[in-house]
Amino acid sequence: MPCFYVPKRINVAIMLFMACLLSYMMRVNLSINIIAMVEDTSNNENGTVEVLPDYGPRYNWTQSDQALLLGAYFYGYMITSLPAGTLAEMLGARNVAGYSCLVAGILTALTPAAAAWDKYAVFAVRFLIGFLNGVVYPCCHSLVSKWSPPDEKGKFVASLMGGTFGTVITWPISGVIIENLGWDWAYYIVGIFVLIVVAVWFYLVADTPAQHSTISIKEREYIENSLGNTLSNKKKWPPYKELVLSMPFWSLMLLHYGSMWGLFFLITATPKFLSEVLGFNLSSAGVLSSLPHVARLICAFGFGGVADWIRRRGWWTVTKMRKAFCLPSHILPGVMLIILAYFGRDPYVCVAIMTISLGFNGAATASNLANSQDLAPNYAGTLYGIINCVGTTPGIFSPLIVAAFTEKENTIDQWHWIFIIGAAAYILPALFFWAFGSGKIQKWNEVETTESREDIVNTKL
C-alpha cells in the first residue's frame, strides 16, 4: 500500500458529511431568504409605512402563507423518508442519494422563477425538493452500516452532522449574498454548489467496500472482518411486523422525534425570532442563527469520539451508553429551553441559551442517531427512514405553532409557550427511552452475529 494512501472509508465519511450538508443547505435557505422576499404584513398602529431594503421583488405573503411555504419541504420529505431505507438497500444508496440531490439542486436554482409566478409554485418546488432530499439520510445510514467498523461508529455517525454545518454556513452566507446580490442569488449559488458536490460524490462513493474500485485489500478485509456476520449480502424485505411490535424501536422513534423537534424548531424559527423579535438585522440574524448549529457540530464530534472511546475500552454496554448520552442530548437541551422561556429577555442571553441548548444536542450522535445501527445493522437505512419520516413532522408543526402564537403580536411573551413546548418535546421522549430503549441487536435483524466483534459487546447486555 502506498505511503500516501488515504483510507477509502475516510473519503466515504467525508462525502456523507457533504451529502448531509447539501441536504440542509437546500432545506434551510428559505428560512432566511423569505425575510427578504416578503412585504411587511405586521399591523402598524400609527399608520406609517416602513421602507424595506431592496433585495429584490417582495411578495404579499401572510404569516400563514409563510408557515405553509416553510413547511412545504417537510411534507415532501416525510413521504420519501419512509421507503428511502428500503430503496437504498434494494437499489444502492450511492445512486439513490446522488441523483436525488442532483435534481433537488436544479429545483433550488429554479425557486426565484417559481416565486415570480405564484406562491403555490414555490410550495410545489419546495415540496419536490423535500421529496427528493427525503432519501438522503436513510441512504447515508445504510452506507454507514456497510462502511463503518464498530469502534468507529460514533465518528461515522458524527459525519452525518454535515447537515448542521450546512445550516451554519447557509444562513450567514445567504445573509451576505442577499444584502449584496439580492435574494435570488442565494438560490442560484446553492444550486451550483450542489451540482459540483454531486459530481464528486459519484466519483468517490461506492455502496460497499467490495464494490469500491480503488480500495486496498487490507482496508476492505479490515472493514468486512470487523463487521463479521452482522450484515447479510442478500437483499431482503424489512421485517415490518416485528418492527411494529418492538418496544426498543418505538423508544428510538420517540427519542428521535424529540431531537428533531428541537432541531427543526431552531431551523425554521430562529432567523425569524432573532430578526423580528430581538431586532437583529438580516446579516446579523444569519450569523447569530448559525451559532447554535456551530455548537451542535463541534459537540457532535466530541460526544461521538467519547462514545467510541468508551466502547473500545468496554466500560459500558451499548444500552447503558445510549441511555447515558440521552442526558446531554435531550434532558439538558430541554432544561435550557425552560430557562429561555422564563429568563430570555436580553437578546444576547437568548442567543447564548439557544447555543448551549443545541450544542448539548450534539450528543445525539451517541444516542438516537446511532441506535438504528445498534438494533438492526442489516436494516439500518430502513429503521432510520421510518423514524426520520416521523421525525420530520416537527418541521411541519413548528412553523404552524409559531404562526399561531405570533399571528396578532410577535414579542418575547408570545414565544414563552413555544419554548415550553420545545422543552417537553425534548425531555419526555428521553424518559421513555430510559425505561424501554435498548442497544442490543434485535432478533429480527435475521443474521447470526456469533463471529462478529460486535457480539463481544452485545453479550454483556
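The model is predicted, so local features need pLDDT of at least 70 and side-chain atom pairs count only at pLDDT 80 or more, while totals for chains, interfaces and linings use all residues. Residues are numbered from 1 along each chain as its sequence is written, and side-chain values use heavy atoms, with hydrogens and water left out. The structure holds 17 aromatic pairs. A search of the whole structure finds 5 salt bridges.

**Terms for position**

- Helices are DSSP runs (H or I, at least four residues), as are strands (E, at least two), and both are numbered from the N terminus.
- Buried means under 20% relative accessible area, exposed means over 50%, and partly exposed lies in between (1.4 Å probe, protein chains only).

**Aromatic rings**

- A pair of aromatic rings is described by the distance of the centres and the angle of the planes.
- Rings of Phe, Tyr and Trp (its six-membered ring) pair if their centres lie within 6.5 Å; planes under 30 degrees apart count as stacked, over 60 as edge-to-face and the rest as tilted.
- By this rule the count is 17 aromatic pairs.
- Among them is the tilted pair of Tyr-99 and Phe-202, at 4.8 Å centre to centre and 45° between the planes.
- This pair links distant parts of the chain: Tyr-99 belongs to helix H3 (residues 93-109) and Phe-202 to helix H9 (residues 183-204), 103 residues apart.
- Tyr-99 is partly exposed, with a relative accessible area of 48%.
- Trp-309 and Trp-315 form an edge-to-face pair, with 4.8 Å centre to centre and 75° between the planes.
- Trp-309 is partly exposed, at a relative accessible area of 37%.
- One aromatic cluster is formed by Tyr-59, Trp-61, Trp-183 and Tyr-187.

**A charge over rings**

- A charge sits over a ring if NZ of Lys or CZ of Arg is within 6 Å of the ring centre and within 35 degrees of the ring normal.
- The charged end of Arg-27 sits over the ring of Tyr-24, 4.1 Å from its centre.
- The charged end of Arg-27 also sits over the ring of Tyr-77, 4.4 Å from its centre.

**Salt bridges**

- A salt bridge is a side-chain nitrogen of Lys or Arg within 4 Å of a carboxyl oxygen of Asp or Glu.
- Asp-65 forms a salt bridge with Lys-119, and their closest N and O atoms are 3.2 Å apart.
- That pair links distant parts of the chain, with Asp-65 in helix H2 and Lys-119 in helix H5, 54 residues apart.
- Asp-65 is buried, with a relative accessible area of 14%, whereas Lys-119 is partly exposed at 23% relative accessibility.
- Glu-224 forms a salt bridge with Arg-220, with the closest N and O atoms 3.2 Å apart.
- Both Glu-224 and Arg-220 lie in helix H10 (residues 217-227), 4 residues apart, about one turn of the helix.
- Glu-224 is partly exposed, with a relative accessible area of 34%, and Arg-220 is partly exposed at 34% relative accessibility.
- Arg-322 and Asp-374 meet through their side chains in a salt bridge (2.5 Å, N to O).
- Arg-322 is in helix H14 (residues 318-324) and Asp-374 in helix H17 (residues 368-375), so the pair ties together parts that are 52 residues apart in sequence.
- Arg-322 and Asp-374 are both buried.
- Arg-9, Glu-152 and Glu-219 are linked in a network of salt bridges.

**Nonpolar surface patch**

- Leu-68, Tyr-75, Tyr-120, Phe-397 and Leu-400 form a nonpolar patch on the surface, with about 450 Å² of accessible area together.
- The elements giving two or more residues to the nonpolar patch are helix H2 (63-91) and helix H18 (380-406).
- Patches are made of residues with over 30% relative accessible area and no salt bridge: like charges are joined within 9 Å, and nonpolar side chains (Val, Leu, Ile, Met, Phe, Trp, Tyr) within 5 Å.
- Accessible areas come from the Shrake-Rupley method with a 1.4 Å probe; for residues, only the protein chains shown count as cover.
- Tyr-120 is found in helix H5 (residues 119-133) and counts as exposed at 51% relative accessibility.

- Contact means heavy atoms within 4.5 Å.
- Asn-33 lies in helix H1 (residues 8-37) and is buried, with a relative accessible area of 0%.
- Leaving aside neighbours within four places in sequence, Asn-33 is in contact with Ser-174, Ile-178, Ala-186 and Tyr-187.
- Gly-98 lies in helix H3 and counts as buried at 2% relative accessibility.
- Leaving aside neighbours within four places in sequence, Gly-98 is in contact with Val-198, Trp-201 and Phe-202.
- Gly-98 and Leu-195 are 97 residues apart in sequence and 10.0 Å apart in space, C-alpha to C-alpha.
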